[in-house]
Amino acid sequence: MKRTRRLRVNESMRALVRETTVSISDLVYPIFVVEGKDQKNEIPSMPGIFQWSLDRLPEEMERVKKSGVKAVLLFGIPAHKDEKGSEAYNPDGIVQRAIRQIKQFDDSIVVIADVCLCEYTSHGHCGLIHGQEILNDETLPLLAKMAVTCAKAGADIIAPSDMMDGDVMTIRKALDENGFIHTAIMAYSAKYASGYYSPFRDAADSAPCFGDRKTYQMDVCNGREGIREVQKDIEEGADIVMVKPALAYLDVLHAVSEITDYPIAAYNVSGEYSMVKAASIHGWIDEKRIVMENMIAMKRAGAKILITYHALDVAEWLKGMEK
């Protein structure tokens, strides 16, 4: 008889042969920054997550520093929106100022700037529009402008989430031409038109005012298409590729890990976070246990980087496990 249980007899033995682990260095914490003063606005659909004005952002950054998490992903909510999303590429825009502030707070923190127009446009779409058509090529120069202003502010990584064809190539060219050859690109490569984003729409005030995003984000039914998107972004100059959402797309995440040795990020998105939080608040699940299983699932499927609203909690739990 083969006794596989020999390697499960106690925690020390299980830890010795454990195949997959999560570390604090894997974690990226998303932060929402908003115009105004003395703003700490809880997002009702995302318990424990807030929009922060810049004068109160140090409070959140102190929590990040204490946790040991070394990377943040920034989203901005401007005071003014227009059809061209002009605040997205304003050198003194909300995200650009937040980047400078965080770098002054602690230059060792990796700052990732989400690059997209949806939070900045009056219509809520990720690109320029003509009638109800989303204009691909006309949007690319504006994404490049936003990327350069974020790099100038001090961003370490540019993360285009717009899903316009050619965005990575255009941004890479603009960064290089402006001297930012060391600024990395984390491409939202396999980004699906998912229902799991609903709470994020509240957090970023970015719901489209007409239609949906299915003409540029990916069909949720397609797995192989995600592979093509990843390969395209690598060819265009991406340094890191992403699968988003994470949990319902672990098959895509694993398939991507089979075809590339580039670092892969998994975005544990707002809806995934909120479902766990809601079940935990009602006492239906053990939050810590479920969250850690989810983190392990993403790592086991092939992710190196875990973008998650649970990041600060996960970091504290990991530190507790080390004691």
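**Exercise 1.** Which residue forms a salt bridge with Asp-239, and how far apart are the closest N and O atoms?

*Solution.* The model is predicted. Step one: find the partner. Asp-239 forms a salt bridge with Arg-172, and the closest N and O atoms are 3.8 Å apart. Arg-172 belongs to helix α5 (residues 167-177), while Asp-239 sits in the loop between α7 (224-236) and β10 (240-244), so the pair ties together parts that are 67 residues apart in sequence. Asp-239 has a relative accessible area of 33%, so it is partly exposed. Arg-172 has 12% and is therefore buried.

**Exercise 2.** Find where Glu-177 and Lys-173 lie, and state their exposure.

*Solution.* Both residues lie in helix α5, four residues apart, about one turn of the helix.

**Exercise 3.** Compare the exposure of the two ends of the salt bridge between Lys-103 and Asp-107.

*Solution.* The N to O distance is 3.8 Å. Lys-103 has a relative accessible area of 12%, under the 20% limit, so it is buried. Asp-107 reaches 55%, over the 50% limit, so it is exposed.

**Exercise 4.** Which way do the side chains of strand β3 (residues 50-53) point, and how does β3 pair?

*Solution.* Start with the general rule. Side chains in a regular strand alternate between the two faces of the sheet. In β3, Phe-50 and Trp-52 point one way, Gln-51 and Ser-53 the other; all are buried. Next, the partners. Strand β1 (residues 27-34) pairs with β3 in the parallel sense over three bridges, with Val-33 opposite Trp-52. Strand β2 (residues 40-42) runs antiparallel to β3, also joined by three bridges. Here Glu-42 has Phe-50 as its bridge partner.

Technical notes:
Residues numbered from 1 in each chain as written. Predicted model: local features only at pLDDT ≥ 70, side-chain atom pairs only at ≥ 80, totals over all residues. Heavy atoms only, no water. Buried < 20%, exposed > 50% of the residue type's maximum accessible area, 1.4 Å probe, protein only. Helix = DSSP H or I, 4+ residues; strand = E, 2+ residues; numbered from the N terminus. Pairing = 2+ DSSP bridges. Salt bridge = Lys/Arg side-chain N within 4 Å of Asp/Glu carboxyl O.
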